[in-house]
Each structure stands twice: as structure tokens, then as C-alpha cells.
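Please consult the sequence and the model shown here.

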Amino acid sequence: MTAFLQLHLLTAYPPANLNRDDMGQPKTADFGGRARLRISSQALKRAWRTDAVFQQTLDGHLGKRTQRLGRDIRDHLTEQGVEAAQALTIARAVAGIFGKNTDDKKAPEKQADIAQLAFISPEERAAAFAAAEAMRATGAEPKRDAILQSVDTAVDIAMFGRMLADAPDFNREAAVQVAHAITTHAVTVEDDFYTAVDDLKRPAEDAGAGFVGEAGFAAGLFYLYACIDLDLLTRNLGGNTALARAGVAALIRAAATVAPKGKQASFASRTHASYLLAERGMAAPRSLSVAFLKPVGAGDPLAASIKALRDQRAAFAEAYGDAPDFAEMAVGEAGGSLARVIDFATGW
């Protein structure tokens, strides 16, 4: 049987534009027949992965999602005195292990790049540079099996997976599933009409602004659900349970404390989760989002949303006869804390 860790968070954001659509408006979704604010899982995962605390905690055990490995190799070789054309040839050969090279003749600086993003572990990056050095010294073509790895110590790759279209044997199944966060209540997206004043304009001139613009925003209480396959996470890390636990701890801390950076300078949209529930067990995972199929009404949306989550969890337990062990933190209530939830979550 597989052990799962499920996370449920409630986080309130004041007016913000955390995650924009193609029109620059906050993303939304229809749920239960009512419009809700939405934050995509991609935006959440990138915010967590690039958070300074997450990076520091897992230093040396994080990959890089990039097209520019070949560019780095080319620059490294030219700094070593390798002639530019040879450096580019070697860089394209090594980077091509991760995916097709770009073929943009109008952008010479990109000629060593990979056409698509590749998630590269520290071990693979080191192997790629070693292969480049070997090719420089002996002319030996880089070998795919000597560079790509099926398991390594890159916690973010182990968590979020990767796909290499030209080397599917080295794909990584994601051990962490993250839902799009949605508000527990209905919302209306509003527009902020704003102006910028030219500081050097004299009063004798016209009184008009130097710039006018419009930005969408909205506020709400978001429900976020994530599910971690603890067995798969450990397998992806080559059986390194200590590293898997460290990754889970860093992920929980990031999910509770890190917000997407969209329009952050304009809205200072930094906040922490007000409620966190962690469940661990063998039962089939399930989101508790159905608790909000009927939008939470006016009044105290946080208290109503916490109650809805607790009631939904109890209802599922009664109906299906399974109730995973759990720990929770409700800010303002005694007994719970982020540290205690992390201790519980990493106690497998």
C-alpha cells in the first residue's frame, strides 16, 4: 500500500493580482456555478521552488529548469580558451542530450540552447560539464546514459517530475500533485484605474497625468490542496528517506508562507496561511474542495471555511470508513503550530 500525505490550506489575500491570465486579469474558475479566484498550480510550485528559504534548506539538492545549459557550457569552454566554433559544437552536442537544439539563425546567442525547457539535476549538470571537457580533450561524443539519471538528489525534480521528449526512459513521475487554489467564496474581479504623475511637470503646464493605466484585482480566501506520494518521492530520491523528509518539511513551510509574486510590488501580497491541515495514511487521497461547492457566505469567511473543511472531513470519514491521522494549525486557536504539523508530516 502507498502512503500519502495530504495538505489542505486556507490563505486570505487582500486586493491583489497574484496570477494573471492572457488579458492581465486575475485568473478565475467557475465552481458550483459561481465565479472564484484561481491561482494555477504552476504559479504556486514556481513560487515555492524559488523561495529563498526553500532554496537554502535544500541547497545542493535542487535542479534547474532551463534551456541554457548549452550556453553555460559554451561560455565555460571559451573562458578556458577553446575557440568559439569548437565550444559551440561541443555545447550543442552535450545540451542535445536533454532535447533538440535550437535552430534560430537570427539569434546566435541562442545557438547552444535547448529548444524546450529541461529540468536538470545537479548530478546531471556536473556530468554534462565533465562530458564537455572529455569531448574537448579526446573528441569523444557525449553518451546519454552517462549524463541522464533516473534517480538523483534533486528534490524538486523528485517532487514535481519532468518529461524529456527525446529520452522518455529518464522521465520522472511527479510525487507531488498540486491543485489550482480557488476561493472558498464567490468573487468579482474589479479594475483599478490609476495614474502616474510627471515629477518635473510645472504647474503652468496642463494638469494631466504622465501615464494612465488600468489593472484588475480581487481579494479572497483561497483553499489549496496538495497530495504527496511519500513512497514515490523516496524512490525518486534513490531511497534517501532523510532527504525526502527534508523536502516535505520545506514544501509545507513554503506552501504556508510563500505567495506567488504577481504584481507584488503594487499590492504587497505577502501573507501566511491561516489554517493548515495535514493528513497521513494509506487511504485513497481526496480533496476537500467539495466543502466549498456551495460558496461560503458573508460574515466570517475564515471561520466558516475552517468549519466547512472539518465537517467535510468528518463526513467523508463516516461515509467511507477511513480517517487518516492528522495534525492541524489554526491561527488563533491553541495547540497547533506549523512546527507541529511539520513534525507530524515527516514522522513516517
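Asp 152 touches Ser 121, Glu 123, Glu 124, Arg 172, Asn 236 and Leu 237, where contact means heavy atoms within 4.5 Å and residues up to four places away in sequence are not counted. The model is predicted: local features need pLDDT of at least 70, side-chain atom pairs count only at pLDDT 80 or more, and totals for chains, interfaces and linings use all residues. Residues are numbered from 1 along each chain as its sequence is written, and side-chain values use heavy atoms, with hydrogens and water left out.

**Asp 152**
- Asp 152 lies in the loop between helix 6 (144–147) and helix 7 (155–160); helices are DSSP runs of H or I with at least four residues, strands are E runs of at least two, and both are numbered from the N terminus.
- Asp 152 counts as buried because its relative accessibility is 5% (buried: under 20% relative accessible area; exposed: over 50%; partly exposed in between; 1.4 Å probe, protein chains only).
- The Asp 152 side chain reaches the backbone nitrogen of Ala 154 at 3.1 Å.

**Helix 11**
- Helix 11 (residues 301–320) has 20 residues.
- Ser 305, Ile 306, Ala 308, Leu 309, Gln 312, Arg 313 and Phe 316 are buried in helix 11.
- These residues cover an arc of only 160° around the axis, which puts them on the same side of helix 11 (the arc is that of the directions from the helix axis to the C-beta atoms).
- Lys 307 and Glu 318, on the other side of helix 11, are exposed.
- The cover over the buried residues of helix 11 includes strand 1 (4–16), strand 9 (211–229), strand 10 (275–281) and strand 11 (325–330).
- Gly 321 follows helix 11 and has a positive phi, near 75°.

Terms used
A polar contact is a pair of N or O atoms within 3.5 Å; within protein, one must be able to donate a hydrogen and the other to accept it, and residues adjacent in sequence count only if both atoms are side-chain atoms. The expected span of a helix is 1.5 Å times one less than its number of residues.
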